[in-house]
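Please look over the chain shown here. A short briefing on its fold, surface and side-chain contacts goes with it.

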Amino acid sequence: MSNDRLKTIYACSDAVGETAEAVARATARQFATAAVKIKRCGGIKHEDEVRAVVKEAAQAGGFIAYTLVQPELRETMREEAIRAQVKAVDVMGPMMQAFIDTFQDSPKYQPGLLHEMDDYYFRKIEAVEFAVRYDDGKDVRGLLSAQVVLVGVSRTSKTPLSIYLAHKGIRTANYPITPEVKPPDELFMKAERLIVGLTMQPERLLRIRTERLKSLGLPVQAHYASLERIERELGFASELMNKLGCPVIDVTEKAIEETAGIIMEKWLTSVG
């Protein structure tokens, strides 16, 4: 396959195909090339559909990532891929087999269980609505009913973290710390919640705020993006976090997923 040819990954499933596509996208991000197309092929029910996908992948010079739950479809995919000399990665099969071997249990072989309208699904929807309603301190009442409260100065990833945690089913509120505004009493009231402080190295925060102002078409010399202002805000925030006695996470070099993982671990420990 020539290097300038569009690279295609086929994400196949007998359900929606979201899991296979997510794995394919995560894999593609590890490589420098941007010319990657991911084609989702969901709702596969018959062996002929599997053969059609394999044939197309062979013609395109791509490979397949699949989450086929039905054993006969998985076997057809394996055989047809070998016959057509197409790489096919079974995303779910090894995990299911490990579960069977370790726990001596049998799978339901029911496609789409990941997307069932179960209690977790509704809890996640409720948490997302909660995060939007109580974002950026819009309503301080949320600070008392939240399971996790994030505090930090502007541009320390409070909102994206709140949404990410909400997608994990955790009701999250966040509050922006500014020296000119007295912190609400609700932050200091006793409640069943975990408060987490977010901080960042001043130089990194300066770069982020400067880029933010540029994207809005505002002058980068604004007081909001001055190092003196940022250091003052971070100092004030540090004092407040000490008063709250909350754990503090430096998010300077951390991805959202990494920070969220630390918070979820602390939250599970606090509720356990």
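The points below run from the whole chain to single residues.

This is a predicted model. The chain holds ten helices and eight strands. Its radius of gyration is 24 Å, whereas a compact globule of 272 residues would have one near 19 Å.

**Overall dimensions and contacts**

- The C-alpha trace spans about 70 × 45 × 30 Å along its principal axes.
- Of the 272 residues, 37% count as buried.
- Take the contacts between residues at least 6 apart in sequence: 73% of them join residues at least 24 apart.

**Surface and charge**

- The chain has an accessible surface of about 15800 Å². Carbon and sulfur atoms account for 53% of that surface.
- There are 37 positive and 38 negative side chains. The centres of these two sets lie 4 Å apart.

**Aromatic pairs**

- The chain has two aromatic pairs.
- Phe99 and Phe103 make an edge-to-face pair, because their planes stand at 65° and the cut-off for this class is over 60 degrees. Their ring centres are 4.8 Å apart.
- Phe99 and Phe103 both sit in helix 4 (residues 93-103). They are four residues apart there, so about one helical turn separates them.
- Phe99 is partly exposed, with a relative accessible area of 44%. Phe103 has 56% relative accessibility, so Phe103 counts as exposed.
- Phe130 and Tyr134 form a tilted pair. Their centres are 4.6 Å apart, with 55° between the planes.
- Phe130 and Tyr134 are both buried.

- Where is Leu187 placed? Leu187 lies in the loop between strand 6 (172-176) and strand 7 (194-199).
- Is Leu187 buried or exposed? Leu187 counts as buried, because its relative accessibility is 2% and the cut-off is under 20%.
- Which residues does Leu187 touch, leaving aside those up to four places away in sequence? They are Leu143, Val149, Val151, Tyr175, Arg193, Ile195, Leu240 and Leu244.
- Val149, one of the residues that Leu187 touches, is 38 residues away from Leu187 along the chain. The C-alpha atoms of Leu187 and Val149 are separated by 8.8 Å.

How values were computed: Residues numbered from 1 in each chain as written. Predicted model: local features only at pLDDT ≥ 70, side-chain atom pairs only at ≥ 80, totals over all residues. Heavy atoms only, no water. Helix = DSSP H or I, 4+ residues; strand = E, 2+ residues; numbered from the N terminus. Rg over C-alpha atoms; globule rule 2.2 N^0.38 Å. Buried < 20%, exposed > 50% of the residue type's maximum accessible area, 1.4 Å probe, protein only. Contact = heavy atoms within 4.5 Å. Areas by Shrake-Rupley, 256 points an atom, 1.4 Å probe, with all protein chains shown as cover. Lys, Arg positive; Asp, Glu negative; His and termini not counted. Charge placed at Lys NZ, Arg CZ, Asp CG, Glu CD. Phe/Tyr/Trp six-rings, centres within 6.5 Å; stacked < 30°, edge-to-face > 60°.
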